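Me: Could you walk me through this model? I'd like to start with the accessibility of a side chain and move on from there.

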Amino acid sequence: MSIADIKTAVVPEGAHPFPHGHLTGIDGLQPWEITFLLDEAEQWVDLNRQSSKHDDRLAGLTLINAFFENSTRTLLSFEIAGKRLGADVVNMHAGQSSMKKGETLIDTAATINAMRADMIVIRHPSSGAVALIADKVDCPVLNAGDGWHEHPTQALLDALTIRRRRGHIAKQRVAICGDILHSRVARSNILCLTALGAEVRVIAPPTLMPRAIERLGVTAYTDFDEGIRGADVVMMLRLQNERMNGGFIPSAREFHALYGLTRERLENAEADALIMHPGPMNRGIEIASDVADDIDRSAITEQVEMGVAVRMACLDVLTRERRGTKGWK
């Protein structure tokens, strides 16, 4: 079954492809809504590969990237996406925030709202913070990662990468490996890929495996080699040391010995298995350098490229009602 098959099989007649005013998570999205965003991103992949990478559809709109948590690639990706669509982009960094002076999150949201932003992208260390702000402002809000909760655009760009490289997502055996417990990327990917018909496995030490993770429709493994056996896609995650409080693993060296993706371990997966990592990578811990740099099988840099296209699609779609784009409703 292809993605197109899933889309046409479940989309209700006359339904709007994406009726949501915000994108705070993958949770709650229908398969055809996810597919719609992936389809919209395809045009921006093509544009971004041209010498002229500019489109003026967001000209005159103001995008605020409010990052209360440090980021490099996600912030840069959203900034490039906004500028390529013609928006005025303002980056607000955590170190420059009045919250450092005691201002509450709600007061900060009210301040941003008073500046009449047309779109706000938020990254925050607390789960649920993005949804809280979305309830307090008058413009679309997009979640760029909140605590342990979700990172929806990362899941979308990963899905787009898989679809383009593997041809479809349904029935693909995807193994997500590493620090599942602390990873919002893992949660969003599980929700996204299972909604699109993939067989998702999660692999982690017992201390980094969430309780009752099987309720999300995945199969859990603590044996790495068993978990990736026959996998079509192997997605590695870094250890979220900044979110750990206590000894979750004996050492990084032991973690690599048991759960690091090496050339030898990769032989348990399918011969053409796709290698993925959301970044930043810790080479020699969760993934060996020669595997990460595999020219034929690694899609890690392609994930970065798809990230700009997906974020352009999300900014475009979420501002269509505000811009009065024909056919929005």
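**Charged pairs, a listed site and a sheet**

Me: Asp118, buried or exposed?

Reply: Asp118 counts as buried, its relative accessibility being 12%, where buried stands for under 20% relative accessible area, exposed for over 50% and partly exposed for what lies in between, with a 1.4 Å probe and protein chains only.

Me: And what are the ground rules here?

Reply: The model is predicted, so local features need a pLDDT of at least 70 and side-chain atom pairs count only at pLDDT 80 or more, whereas totals for chains, interfaces and linings use all residues. Residues are numbered from 1 along each chain as its sequence is written, and side-chain values use heavy atoms, with hydrogens and water left out.

Me: What is the mean pLDDT of the chain?

Reply: The mean pLDDT (the predictor's confidence in each residue, from 0 to 100) is 91 for the protein chain, and 89% of its residues reach 70 or more. Over residues 1-9 the pLDDT is below 50, and in the model this stretch has 17 contacts beyond near neighbours in sequence, a contact being heavy atoms within 4.5 Å.

Me: Back to Asp118, which residue forms a salt bridge with it?

Reply: That is Arg322, with the closest N and O atoms 3.2 Å apart; a salt bridge here is a side-chain nitrogen of Lys or Arg within 4 Å of a carboxyl oxygen of Asp or Glu.

Me: Why does that pair tie together parts apart in sequence?

Reply: Because Arg322 lies in helix α13 (residues 320-323) and Asp118 in the loop between α4 (105-114) and β3 (119-124), the pair ties together parts that are 204 residues apart in sequence. Helices (H or I, at least four residues) and strands (E, at least two) are DSSP runs, numbered from the N terminus. Arg322 itself is partly exposed, at a relative accessible area of 37%.

Me: How many salt bridges are found in the whole structure?

Reply: The search finds 24. One of them joins Arg263 and Asp294, whose closest N and O atoms are 2.8 Å apart. Arg263 sits in helix α10 (residues 263-266) and Asp294 in the loop between α11 (289-292) and α12 (300-318), 31 residues apart, and the pair links these distant parts of the chain. Asp294 is buried, with a relative accessible area of 13%, while Arg263 is partly exposed at 29% relative accessibility.

Me: New topic: which residues does UniProt list under "binding site"?

Reply: The UniProt record, an unreviewed entry, lists Lys101, Arg184 and Arg238; such positions are given in the numbering used here, feature names are shortened, and annotations may be inferred rather than shown by experiment.

Me: Where does Arg238 lie, and what does it touch?

Reply: Arg238 lies in the loop between β8 (233-236) and α9 (252-259), and it counts as buried at 18% relative accessibility. Leaving aside residues up to four places away in sequence, Arg238 touches Asp179, His277, Pro280, Asn282 and Glu286.

Me: Last one: what is the strand order of the open sheet?

Reply: The five strands run β7-β6-β5-β8-β9, with parallel pairing, where two strands pair if DSSP finds at least two bridges between them. The edge strands, each pairing on one side only, are β7 (219-221) and β9. Within the sheet, β5 (residues 173-177) and β6 (residues 199-203) pair in the parallel sense over five bridges, and Cys177 stands opposite Ile203 in β6.
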